[in-house]
Structures are given as structure tokens and as C-alpha cells.
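Dear colleague,

Please find below the structure that I am handing over to you. I would ask you to look through it before reading my notes.

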Amino acid sequence: MNASTRAERIEIRATAELKAALEKAAQLQDQTLSAFVLNASRDAAARVLGDQTRFTLTEPQMKALNQALDAPARELPGLKRLFAKPSVFA
């Protein structure tokens with residue numbers, strides 16, 4: 001990360017034990033505490049956000065999904081009746 005693009009500040013409080021563990025982990029990774037916490041937080045955020053926007057499938061699952069998407073739409077009589085009624089928003 002380019003230091004000139006970092007304008008926002010994040011402040012956190014931690015127990016002495018947690019801070020010591022984070023400092024030790026950062027040292028083992030040859031990183032500063034700030035860099036370690038920022039990188040770990042960025043990775044966690046990417047995982048959480050990715051879980052909300054992407055999913056992975058095996059090859060057989062992908063084939064089944066494509067078949068389902070390519071199949072003709074089923075006729076749903078209840079849905080057809082619903083759309084035949086005037087809209088409550090009209």
C-alpha cells in the first residue's frame with residue numbers, strides 16, 4: 001500500500017494479552033503491528049464480502065445449474081393468477 005493514499009485512521013482497543021499476541025504474530029511475519037492488523041483485516045473483509053457475492057461449484061454442480069437455467073420455465077398457475085390481477089400500486 002502506498003502511504004500517501006492512506007488518509008483514514010482506525011483506532012481499536014485490545015487487552016494486553018491480545019496486543020502481545022498480535023505483536024508476536026506481526027514479528028514472525030516481519031511486519032509492523034499496524035501492517036499485520038491491516039492486512040489481516042483486509043483479508044477477512046475480502047472473505048466476508050466474497051461470501052456475499054460469489055460462490056463456487058464443482059463441475060457436476062455447474063452442469064446441473066446450467067441445465068436448470070437452460071430448461072424452459074415452468075408454468076405456475078398461482079403466479080399467473082397473481083399477475084392477472086390489477087396492481088395495488090396502480
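The notes below go from the whole chain to single residues.

This is a predicted model, in which local features need pLDDT of at least 70 and side-chain atom pairs count only at pLDDT 80 or more, while totals for chains, interfaces and linings use all residues. Residues are numbered from 1 along each chain as its sequence is written, and side-chain values use heavy atoms, with hydrogens and water left out.

The protein has four helices and zero strands; these are DSSP runs, numbered from the N terminus (helices: H or I, at least four residues; strands: E, at least two). Its C-alpha atoms fill a box of roughly 65 × 40 × 30 Å along the principal axes. The radius of gyration is 25 Å, whereas a compact globule of 90 residues would have one near 12 Å; the value is taken over C-alpha atoms, and the globule rule is 2.2 Å times the number of residues to the power 0.38.

Of the 90 residues, 3% count as buried. Buried means under 20% relative accessible area, exposed over 50%, and partly exposed in between (1.4 Å probe, protein chains only).

Leu-69 belongs to helix H3 (residues 59–70) and is exposed because its relative accessible area is 61%. Phe-83, found in helix H4 (residues 77–84), is counted as exposed because its relative accessibility is 65%. Between the C-alpha atoms of Phe-83 and Ala-16 there are 62 Å in space, with 67 residues of separation in sequence.
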